[in-house]
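Here is a friendly walk through a protein model. Keep the picture open beside you as you read, and look for each part as it comes up.

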Amino acid sequence: MTALVEIDGLVKRFDSGPAAIDGLTTTIKSNQVTGLVGPDGAGKTTLIRLMAALMTPSEGVVKTCGFDTRENPEPIRDVIGYMPQKFGLYEDLTVMENLTLYADLRGVVGQQRKDTFERLLAFTDLARFTNRLAGALSGGMKQKLGLACAMLRSPKLLLLDEPSVGVDPISRRELWRMVYTLISEGVGVVWSTAYLDEAENCAEVVVMNAGRVLYQGDPKAMTATMKGRVFFARGAGAERREGLSRALQNPNIVDGVMQGQSIRLVTAKGAPAPTPDILGVAAPVEIVATAPRFEDAFVALLGGASKRTLAARARKILDEKAAPPVEARGLTRRFGDFTAADHITFRIERGEIFGLLGPNGAGKSTTFKMMCGLLRPSEGAALVDGLDLAKAPSAARARLGYMAQKFSLYGDLSVRQNLEFFAGAYGLSGARRRDAVARVVDAFDLAPHLDANAGGLPLGFKQRLALSAAIMHEPPVLFLDEPTSGVDPLTRREFWATINAMVGRGVTVMVTTHFMDEAEYCDRVALIYRGKAIATGAPEELQTRVRSDALPNPTLEDAFIALVEENDRQRGAAA
Amino acid sequence: MNARWRRIRALIIKETRQVSRDPSSFVVAFVLPALLLFLFGFGISFDATRLKVGLVIEEPTPAAREFLVALSNTPYFDVKESSDRRAFVDDLAAGKLNGVIVLSGDFSARLSRGDTAAIQVISDGSDPNTAALVTGYMQGAWASWREQRGLGAEASPPGQIDIKSRFWFNPELQSRRFLVPGSISLIQMMIGSMLTALVVSREWERGTMEALLATPVGVVEFIIGKLVPNFVLGMIAMGVCVAASLFVFDIPLRGSFLVLTAFTALFLMVALSIGLLISTVARTQFIASQIAMLVAFLPGLYFSGFLFEVASMPAPLRAFARIVPAYYYVPGLQTIFLAGDIWAVILPGSLVLLAMATALFTLTARKTRQRLD
């Protein structure tokens with residue numbers, strides 16, 4: 001095992017602001033996957049670009065495959081493969097044209113090219129799509145093509161920048177399998193990711209946060225430091241959200257998250273195992289030790305979850321209508337002869353968090369848009385508090401708050417101006433607007449940033465602001481579209497603590513996501529696949545459903561994949 | 001085949017495929033030129049035909065009638081008639097008439113005496129251009145009418161110089177004849193600068209630049225890969241423009257096609273290098289198109305002398321015009337079309353364009369970054 005990249009005292013600064021990478025010394029080895037793990041903005045992309053000699057270090061030295069990236073960048077380009085975040089494909093060229101272009105650029109010609117193409121097309125399973133435009137491929141297929149283009153010249157070092165973003169769990173698993181095949185052929189792979197669960201697939205990790213290295217080495221060793229500190233509290237039932245926020249106040253607890261019906265608790269170093277009474281719930285609670293995971297260690301390294309709970313002062317929603325707050329009745333949407341959503345039916349109870357789960361292109365966005373009244377169903381109805389979104393759109397929409405995936409805030413307006421604008425957009429004026437703004441400023445602790453421009457806020461504050469803008473009119477129903485993708489675990493915990501507090505006050509929440517982390521916060525999920533809701537139930541129920549001898553302890557992701565594959569098999573059998 | 005040539009060829013093929021599949025490059029290369037050509041060929045004209053004038057005949061004599069007929073028969077005037085000048089005052093004020101011509105009561109008497117001030121021309125001074133046209137055309141019409149009647153030109157006192165204007169190269173002074181060649185320069189700028197800046201910034205926007213930079217492709221190879229297809233596209237557009245000029249707008253090509261092509265190729269090289277230079281700073285298509293508009297298109301429109309006379313601009317603007325490539329290209333182009341291969345005009349222009357292209361390319365090759373920071 002030789003050193004492919006040697007990094008010594010690396011500092012990278014851009015014109016303004018703090019260093020993007022602040023003092024990094026590490027070695028990337030061949031024949032293994034090295035994970036660059038950290039949330040958005042941690043410095044992962046910058047580090048990969050520095051290794052690819054696309055950037056020069058401000059201080060320190062980066063040597064890739066023995067060549068100094070500052071002095072001698074040209075030879076590096078011959079020995080590395082690099083897949084940038086958007087895969088680096090020409091979307092208006094076909095699969096074959098993309099491959100040919102990169103083969104020409106990398107000097108793969110003649111018989112060698114023929115063999116390479118054959119091998120890569122078989123490897124990526126793209127042989128059927130060689131004449132399709134790259135832009136018309138699904139996320140998972142684009143990713144495979146990007147990987148194929150990066151591997152044309154059998155690189156010594158393969159740099160993959162967030163290859164799993166926007167890719168569903170099934171494609172993600174396939175990609176990992178492909179990468180392991182490469183490792184066995186002697187390639188060194190650097191894989192950057194914001195998903196902490198991917199860290200455990202790596203032989204070594206460099207864990208980064210805000211330009212600093214938190215940990216480097218074997219991820220299992222990092223996870224192992226948490227041994228004996230992680231527990232499940234089961235049985236709190238409906239009170240589990242309050243129980244969690246109470247437990248987090250305990251000085252012995254550094255982290256806690258919902259996992260379906262259970263609460264995952266992490267104790268401080270040297271603290272005793274938690275007792276049921278820290279949850280303060282009436283129902284009998286059982287505490288069992290469980291195996292730590294990488295994220296527990298990551299959060300503990302960052303100093304644990306925030307102890308504050310926002311939105312605790314939000315007003316309780318008192319309206320108790322008989323109609324279910326959210327209901328989909330045979331929701332169907334056709335585009336030409338393609339059915340994007342096919343008779344989707346579910347009902348969300350008051351104070352419930354409901355998740356729409358599914359791979360990209362499965363129809364969950366279509367369903368979500370119909371639930372928001374942004375898209376008219378071809379058949380069926382979407383109802384909020386008994387009001388049909390197609391028939392009484394404004395009355396129904398007044399009862400729901402919507403937070404988009406990319407926070408739709410005005411970056412050039414201050415926090416206060418954003419809030420006032422959204423209050424106005426919801427039809428609040430005069431004293432009611434002032435009250436509404438004052439209420440969310442108080443509930444979400446926005447006062448210190450009121451006059452700062454929204455665009456310059458740290459991610460966590462942006463998210464808080466987007467949420468406060470969405471609930472300005474105190475809607476009893478809240479829709480969230482992938483609210484915490486790419487967000488660091490601490491900010492994500494804070495966000496979900498806020499949502500939990502709101503749910504405790506009677507708000508009903510619907511989330512779309514393809515992240516298992518987010519799905520774990522849901523009371524129930526509907527798994528959408530090929531336009532149909534193929535399974536609906538509590539996360540545990542889905543896990544139980546797929547439990548087998550081969551999978552004695554399925555995770556939610558395992559359940560997801562197993563259910564999708566089962567559906568494919570049934571379809572195959574029926575056809 | 002040498003690895004470098006293979007890379008260049010691959011980039012050219014890729015670029016050509018993209019151009020041929022991208023509707024926006026089709027619009028920039030063909031639809032906009034056609035639009036511009038027709039706008040300048042048919043829409044904009046500095047010639048006045050059918051000027052609306054009111055003719056006041058205070059006393060209807062045969063001579064006055066004859067003058068009315070003569071005036072109505074020219075293509076320049078659209079004549080309304082009245083016996084009272086007050087009938088036209090409101091129309092003139094409202095802009096419905098461009099001018100009023102008054103033949104006073106003693107018109108025939110003065111005419112037979114050979115007096116000079118036999119007619120009065122009142123024109124709308126709020127539009128000085130048209131006012132001058134009305135006055136000028138009226139004088140011409142008046143002079144030719146007198147001549148026809150055998151009265152001779154207004155008796156110039158003996159020994160004084162008699163000035164007669166004669167326009168060479170564009171005898172009818174059709175503005176289309178210099179507007180159309182001028183607009184070819186705008187089209188070349190659009191394809192050369194805007195399209196090139198757009199296609200490079202698109203690579204940044206879509207993240208493909210990053211992938212290219214991590215391959216063995218060098219700066220010069222990348223630049224050539226972008227230049228060749230856009231150069232060909234520009235030359236095709238030139239061909240279309242020249243064909244349109246000759247066959248649609250009936251503009252003569254008095255110089256040789258070869259000289260026209262070579263001279264245009266030089267200008268296109270300057271335009272392309274401006275586009276590449278823009279793309280070294282612009283990372284989004286929006287910014288690239290804005291910069292291209294400001295530094296390439298608008299100066300080409302204002303300072304090439306085909307719409308506005310540079311010689312009559314204030315000194316600082318005249319100085320600025322000298323760094324605008326179209327300032328050298330448009331006069332040369334107009335010369336090749338309307339006069340012929342006049343080397344005294346074309347050669348100096350070519351040398352300046354060559355110098356500009358060389359300087360800009362050197363700068364571009366130096367500024368094009370092979371890194372992301």
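In this predicted model, chain A has an open sheet of four strands in the order β2-β1-β4-β5, paired in the antiparallel sense. At its edges stand β2 (21-29) and β5 (67-68) of chain A, each pairing on one side only. Strands of a sheet pair through backbone hydrogen bonds, either parallel or antiparallel. Strand β4 (residues 59-64) of chain A runs antiparallel to β5(A), and two bridges join them. You can find one spot of this region by looking for Thr64(A), which stands opposite Phe67(A) in β5(A).

Helix α1 (residues 44-51) of chain A lies across β1 (3-12), β2 and β4 of chain A. The helix runs at about 120° to β1(A).

Now follow the chain into a loop. Gln32(A) is found between β2 and β3 (33-37) of chain A. Which residues does Gln32(A) touch, leaving aside its neighbours within four places in sequence? They are Ile183(A), Gly188(A), Ala203(A) and Glu204(A). Folding also brings Gln32(A) and Ser184(A) to a C-alpha separation of 8.4 Å, although they are 152 residues apart along the chain.

**A second sheet in chain A**

Chain A has another open sheet of four strands, with the order β16-β15-β18-β19 and antiparallel pairing. The edges are β16 (338-348) and β19 (387-388) of chain A; each has a single partner strand, so one side of each is left without a neighbour in the sheet. Inside this sheet, strand β15 (residues 326-335) of chain A pairs with strand β18 (residues 379-384) of chain A over five bridges, in the antiparallel sense. One pair to look for is Arg329(A) with its bridge partner Ala381(A) in β18(A).

**A mostly covered helix**

Helix α8 (residues 240-249) of chain A has seven buried residues out of 10, so to speak a mostly covered helix. Among the buried residues of α8(A) are Arg240(A), Arg241(A), Leu244(A) and Leu248(A). What do the buried residues of α8(A) pack against? Their partners are β12 (253-259), β13 (262-267) and α15 (489-504) of chain A. An α-helix has 3.6 residues a turn, so residues three or four places apart point the same way.

**Chain A as a whole**

Stepping back, chain A contains 18 helices and 24 strands. The C-alpha atoms of chain A fill a box of roughly 70 × 60 × 55 Å along the principal axes. A compact globule of 575 residues would have a radius of gyration near 25 Å, and chain A agrees, because its value is 25 Å. Buried residues make up 50% of the 575 residues in chain A. Among contacts in chain A between residues at least 6 apart in sequence, 71% join residues at least 24 apart.

**Domains and where parts meet**

Chain A is divided into domain 1 (3-223), domain 2 (225-301) and domain 3 (407-474). Chain B is divided into domain 1 (3-44 + 174-367) and domain 2 (51-148). The table gives the separations of two domain pairs.

| Domain pair | Distance between C-alpha centres |
|---|---|
| Domain 1 and domain 2 of chain A | 37 Å |
| Domain 1 and domain 2 of chain B | 48 Å |

In chain A, 10 residues of domain 1 are in contact with nine residues of domain 2. On the domain 1 side, β10 (212-217) and α7 (219-224) of chain A each supply at least two residues. The largest share comes from α7(A), with three residues. By class, this side of domain 1 of chain A has seven nonpolar, one polar and two charged residues.

The two chains also meet: 23 residues of chain A are in contact with 22 residues of chain B. On the chain A side, α2 (74-79), β6 (80-83) and α3 (95-105) each supply at least two residues. Which element gives the most to this side of chain A? Helix α3(A) does, with five residues. By class, the side of chain A that touches chain B has 11 nonpolar, four polar and eight charged residues.

Conventions: Residues numbered from 1 in each chain as written. Chains lettered and ligands numbered in written order. Predicted model: local features only at pLDDT ≥ 70, side-chain atom pairs only at ≥ 80, totals over all residues. Contact = placed C-beta atoms within 7 Å. Nonpolar A, V, L, I, M, F, W, Y, C, P; charged D, E, K, R; others polar. Domains from an automatic or database assignment. Pairing = 2+ DSSP bridges. Axes fitted to C-alpha atoms, helices over the stretch in contact; angles between N-to-C directions. Rg over C-alpha atoms; globule rule 2.2 N^0.38 Å. Buried ≥ 20, exposed ≤ 12 C-beta atoms within 10 Å, placed from the backbone.
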